[in-house]
Amino acid sequence: MAGRHRRPRPRPDTRKLTAAAAGTVGAATLVLPLAPGTAFADTQAAAPKLPSPPDLPGQHQSHQSRGDRVVQAASEEYGHPYMWGAEGPVAFDCSGLTKYVYKQFGVHLPHNSAAQYDAVRHVAKSDMRRGDLVFIYDDGGIFHVGIYAGRDQMWAATHTGDIVRKQEIWTNRYVVGRP
């Protein structure tokens, strides 16, 4: 997204270049994507422009619904670790993820799943759409939130040792909200 600063995650198709080798003062390391088998010949070259996130099949980004764009934004956080109390950009807990993603769309949510439920419009399960918030509850109340991705799945940061990922909605004990 434009104007959003994110720390890149190393991938197998990347090579590291120290900032000193790139002609910059400091000890930072830049991670630049390169085609497999490509050597980085010119260390003075500018970093290549990263591609935009892929569109949904058959749709251009500008024609996507807000819900589809929210799901796309949540998917961009895939692989970030769960950390209790974290709200991005390098780690998240469940409500931190939903807060972070929706902030990109001008929606400010509190950092607590139950408080988020109180802050959004409640929607019947039968009217649930991609991008809606799924709030999991038990006898003690709401304790988890994720972003509905369609087909009984949601993007979420679930627990310590896990990562942000798309997962099945594992229970019928949930309610839905639409920011």
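**Notes on the fold**

1. Quick look at contacts to start: 46% of those in the protein chain between residues at least 6 apart in sequence link residues at least 24 apart. Contact here means heavy atoms within 4.5 Å.

2. Keep in mind that this is a predicted model, where local features need pLDDT of at least 70, side-chain atom pairs count only at pLDDT 80 or more, and totals for chains, interfaces and linings use all residues. Residues are numbered from 1 along each chain as its sequence is written, and side-chain values use heavy atoms, with hydrogens and water left out.

3. The protein chain has three helices and eight strands, in the sequence pattern β-β-α-α-α-β-β-β-β-β-β. These are DSSP runs numbered from the N terminus: helices are H or I with at least four residues, strands E with at least two.

4. Six strands make an open antiparallel sheet, order 3-8-4-5-6-7. Strand 3 (121-123) and strand 7 (165-168) are at the edges with a single partner strand each, so one side of each has no neighbour in the sheet. Neighbouring strands of this sheet are turned by 45° on average, direction ignored. Pairing requires at least two DSSP bridges between two strands.

5. Strand 4 (residues 133-138) and strand 5 (residues 141-150) pair antiparallel over six bridges; Leu133 has Ile147 in strand 5 as its bridge partner.

6. Helix 1 (residues 66-75) lies across strand 5 and strand 6 (153-156), at about 105° to strand 5. Helix 2 (residues 94-103) lies across strand 4, strand 5 and strand 6, at about 45° to strand 5. Axes are lines fitted to C-alpha atoms, for helices over the stretch in contact, with angles from 0 to 180 degrees between N-to-C directions.
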